[in-house]
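This report describes the architecture of a single protein chain.

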Amino acid sequence: MQLKPLSKYALKCPRCGYEVEPSPYIMRCPRCGELLDALLIAEKIKIRWGELRGRGVWRYRDLLPEFKNVVTMGEGSTPLIRLRAYPNAYVKFEGANPTGSFKDRGMTVGVSLASSLRVRGVIVASTGNTAASAAAYSARAGIDCMVVLPKGGVAKGKLGQAILHGARIVEVPGTFDNALEYVLSTVLESGSAGNASYYPLNSINQWRLEGQKTIAYEIVEEGGVPDYVFVPVGNGGNIYAIWKGFRELMELNIIDKMPKMIGVQASGAAPLVKYWRGLGEAKVDKPSTVASAIRIGKPVNWFRAYRAVKYSGGTFIDVSDDEILAAQRILGKEGIGVEPASAASLAGYLKALNSGLINVKDKVVLIATGHALKDPDTLLLSSDNNAISISSINELKALIINGNVKIKY
């Protein structure tokens with residue numbers, strides 16, 4: 001099925017080169033099974049980069065699928081914040097999106113597509129942020145949302161969001177990888193979701209990733225092309241999408257160089273680091289990390305992520321949970337509140353600096369994927385402050401005079 005909003009695209013397999021007309025339902029190559037790339041057809045693109053109007057994701061509508069009715073809540077246009085401690089490092093704070101994560105960029109496109117298909121609803125497997133975002137945008141569109149979650153493996157902040165927005169919650173045993181298997185086995189058959197009343201919007205869906213590539217567009221518009229971009233990697237779709245955004249701007253002669261993409265994984269959930277180092281398949285059977293958003297052992301987008309890093313001249317880095325929590329506290333002292341997975345980008349940057357992989361003079365963008373309040377339990381557990389209880393105003397005055405007010409919840 002071809003859809004007019006997708007007419008500026010071609011679908012091509014990055015492994016075997018097989019091409020197929022753009023369709024909302026075909027996500028895997030019919031010949032070899034690899035995930036397909038949605039490639040813009042240059043001669044169909046008309047854009048005046050210096051004369052863009054509006055804000056957020058849909059500021060770049062000329063480089064996105066075009067829908068008559070867009071489901072949007074003003075996502076995108078997130079802050080690019082320079083760090084005091086590292087003046088050449090900038091945090092792209094995706095926690096400023098409507099539901100508090102970068103997933104909103106993809107969901108505005110994905111749910112707009114689902115709505116135009118007139119399906120009953122959307123379905124996603126999730127570690128939390130995808131569930132929250134899919135639920136909110138589905139509610140906005142007036143369609144159903146079903147989220148499949150690993151039981152006990154989702155931060156309360158994210159689960160609460162999905163419930164608030166009216167999603168149907170389905171908990172399954174195991175990890176995110178098991179939840180995704182449930183979704184793909186149920187909805188996808190022979191690489192197609194054409195008979196499904198619930199449209200799948202995990203990052204296997206190349207059209208959802210089109211929204212996420214706008215992170216690259218915003219970075220270029222506000223600060224030019226950095227030397228490096230550090231991205232927390234779980235399922236692998238986001239680092240691919242950001243790289244794709246930069247690559248498209250290169251192909252359209254809007255920029256003349258590409259940043260090196262650095263994928264950062266938690267040491268207990270680092271299948272791509274393992275593969276990158278030649279230590280076996282991109283798979284970890286029992287992923288474990290405090291950073292629940294990237295606690296993924298079998299990333300469905302591993303080949304996409306691998307290509308983004310390889311073709312940009314970057315690398316993969318793993319960081320420990322202690323390094324992640326330390327980085328979260330550093331960002332907190334800069335006034336930037338992020339969930340643990342987001343802090344992985346700074347942890348990776350510090351590790352790269354200490355190892356000599358990069359120089360402090362290099363211009364770097366750190367992708368902070370989600371807000372601190374996404375995972376309040378971990379946030380409070382990682383606090384290094386001491387609790388002090390007082391019973392009078394005079395005690396508070398004494399504490400202020402002594403300069404050692406410390407509060408812990």
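The account below begins with the whole chain and then turns to its parts.

## Overall architecture

The model is predicted. The chain contains 13 helices and 13 strands. Its radius of gyration is 21 Å, close to the 22 Å that the globule rule gives for 409 residues, so the chain is as compact as a globular protein of that length. The C-alpha trace spans about 70 × 45 × 45 Å along its principal axes. Of the 409 residues, 56% count as buried. When contacts between residues at least 6 apart in sequence are considered, 69% of them join residues at least 24 apart.

## Nonpolar cores

The largest nonpolar core has 91 residues, and the members that touch the most others are Trp49, Tyr199, Trp207, Ile242, Phe246 and Ile367. Helix H7 (residues 237-251) gives the most to this core, contributing seven residues. Another core, of 32 residues, lies apart from it and includes Ala293, Leu331, Leu350 and Val364.

## Helix H4

Helix H4 covers residues 176-187, twelve in number, and reaches 16 Å from its first C-alpha to its last, close to the 16 Å expected at 1.5 Å a residue. Its buried residues are Phe176, Asp177, Ala179, Leu180, Val183, Leu184 and Val187. Seen down the axis of H4, these buried residues fall within an arc of 160°, so they line one face of the helix.

The 15 residues of H1 should span 21 Å at 1.5 Å a residue, and the end C-alpha atoms of H1 are 21 Å apart, which agrees. H1 is mostly covered, with 13 of its 15 residues buried. Arginine 118 follows H1 and has a positive phi, near 60°.

Most residues other than glycine have a negative phi.

Asparagine 253 is another residue other than glycine with a positive phi, near 60°. Asparagine 253 is placed in the loop between H7 and strand S11 (260-266). Asparagine 253 counts as exposed because its relative accessibility is 69%.

## Cysteines

Which distances separate the sulfur atoms of cysteine 13 and cysteine 29 from the closest cysteine sulfur? The table gives them.

| Cysteine | Closest cysteine sulfur | Sulfur to sulfur distance |
|---|---|---|
| Cysteine 13 | Cysteine 32 | 3.4 Å |
| Cysteine 29 | Cysteine 16 | 3.6 Å |

A disulfide is a covalent bond between the sulfur atoms of two cysteines. The cut-off applied here is a pair of cysteine sulfur atoms within 2.5 Å. The sulfur of cysteine 13 lies 3.4 Å from that of cysteine 32, which is too far for a bond. The sulfur of cysteine 29, at 3.6 Å from that of cysteine 16, is likewise too far for a bond. By this rule, the count of disulfides comes to zero.

Cysteine 13 is buried, with a relative accessible area of 2%. Cysteine 29 is also buried, with a relative accessible area of 4%.

## Further residues

Arginine 329 lies in helix H10 (residues 321-333). With a relative accessible area of 31%, arginine 329 is partly exposed. Arginine 329 and cysteine 13 are 316 residues apart in sequence, and their C-alpha atoms are 42 Å apart in space.

Isoleucine 47 is found in the loop between strand S3 (37-40) and strand S4 (80-82). Neighbours within four places in sequence aside, isoleucine 47 is in contact with Leu52, Asp62 and Leu63. Isoleucine 47 and alanine 131 are 84 residues apart in sequence and 33 Å apart in space, C-alpha to C-alpha.

Conventions
Residues numbered from 1 in each chain as written. Predicted model: local features only at pLDDT ≥ 70, side-chain atom pairs only at ≥ 80, totals over all residues. Heavy atoms only, no water. Helix = DSSP H or I, 4+ residues; strand = E, 2+ residues; numbered from the N terminus. Expected span 1.5 Å × (residues − 1). Buried < 20%, exposed > 50% of the residue type's maximum accessible area, 1.4 Å probe, protein only. Arc of directions from axis to C-beta. Core = buried A, V, L, I, M, F, W, Y, C linked by side-chain atoms within 4.5 Å. Rg over C-alpha atoms; globule rule 2.2 N^0.38 Å. Contact = heavy atoms within 4.5 Å.
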